[in-house]
Amino acid sequence: MHIELALAQDSATVEVVEPAAVLSIQADGSLTLDATRIHEGVLVDYLRVFRDKFPERKLELEPDKGIPLERFIQVQNALIEAGINPRDVPSRVKIPESSLQPKANLDN
């Protein structure tokens, strides 16, 4: 019985897309896009440049748990003004530990 295996060079190539950029909102309200600090008043312009320069790159929002709701809404409005649909920008949230999980026995 003769068997032919497919070789790696026979496979289709796929373009690797950069991981999503992360727009972080810190507890103090400051913003960063990946490692770059975004100064107050230029968020909309910054997001427009990002959208135009990296049209295929996804964006994720990472709000700190201590931010006021008003700041979150301001960022959502900036996304809209920059031409980015907030529904296309998932939020990274940390899920707190459940109180239903068994706790470690500290008596031992």
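Which residues in H1 meet which residues in H2? Leu43, Val44, Leu47 and Arg48 in H1 meet Val75, Ala78, Leu79 and Glu81 in H2. By class, the residues of this contact divide into 6 nonpolar, no polar and 2 charged. The structure described here is a predicted model.

**Overall fold**

The protein has 2 helices and 4 strands. Along the sequence they follow the pattern β-β-β-α-β-α. Of the 108 residues, 26% are buried. Among contacts with a separation of 6 or more, 64% are between residues 24 or more positions apart.

**The sheet**

The 4 strands form an open sheet with the order E3-E2-E1-E4 and mixed pairing. Strand E3 (36-38) and E4 are the edge strands, and each of them pairs on one side only. On average, neighbouring strands of this sheet are turned by 25° against each other, direction ignored. Strands of a sheet pair through backbone hydrogen bonds, either parallel or antiparallel. Both senses occur at strand E1: E1 runs parallel to E4, whereas E1 and E2 pair in the antiparallel sense. The table sets out these two pairings.

| Strand pair | Sense | Bridges | A bridge pair |
|---|---|---|---|
| E1 and E4 | parallel | 5 bridges | isoleucine 25 with proline 63 |
| E1 and E2 | antiparallel | 3 bridges | serine 24 with threonine 32 |

E1 and E2 also form a hairpin, with 5 residues between the two strands. Glycine 29 lies in the turn and has a positive phi of about 95°.

How many residues of E1 are buried? The count is 5 of the 5 residues, so E1 is largely enclosed by the rest of the structure. Ala21, Leu23 and Ile25 point one way from the strand, while Val22 and Ser24 point the other way. All of these residues are buried, whichever way they point.

The crossing of H1 and H2 is right-handed.

**Leucine 59**

Leucine 59 is found in strand E4. Is this residue buried or exposed? Leucine 59 has a relative accessible area of 5%, and therefore counts as buried, the cut-off being under 20%. Leaving aside neighbours within four places in sequence, leucine 59 is in contact with Ala20, Ala21, Leu23, Leu33, Leu47, Phe50, Leu79, Ile84, Asp88, Val89 and Pro90. Two of these, Leu47 in H1 and Leu79 in H2, also take part in the contact between the helices. Ala21 and Leu23, also in contact with leucine 59, are among the buried residues of E1. The C-alpha atoms of leucine 59 and alanine 20 are separated by 5.2 Å, although the two residues are 39 residues apart along the chain.

**Two loop residues**

Where is proline 68 found? Proline 68 is in the loop between strand E4 (59-63) and helix H2 (69-81). With a relative accessible area of 46%, proline 68 is partly exposed. Its C-alpha atom is separated by 8.1 Å from that of alanine 27, a residue 41 residues apart from it along the chain.

Aspartate 34 is found in the loop between E2 and E3. Its relative accessibility is 39%, so aspartate 34 counts as partly exposed. What is phi of aspartate 34? The angle is near 55°, a positive value in a residue other than glycine. Most residues other than glycine have a negative phi.

Terms used: Residues are numbered from 1 along each chain as its sequence is written. This is a predicted model: local features need pLDDT of at least 70, side-chain atom pairs count only at pLDDT 80 or more; totals for chains, interfaces and linings use all residues. Side-chain values use heavy atoms; hydrogens and water are left out. Buried means under 20% relative accessible area, exposed over 50%, partly exposed in between (1.4 Å probe, protein chains only). Two strands pair if DSSP finds at least two bridges between them. Axes are lines fitted to C-alpha atoms, for helices over the stretch in contact, and angles run from 0 to 180 degrees between N-to-C directions. A crossing is left-handed if the near helix is turned anticlockwise from the far one by less than a right angle, and right-handed if clockwise. Contact means heavy atoms within 4.5 Å. Ala, Val, Leu, Ile, Met, Phe, Trp, Tyr, Cys and Pro count as nonpolar, Asp, Glu, Lys and Arg as charged, and the others, Gly among them, as polar.
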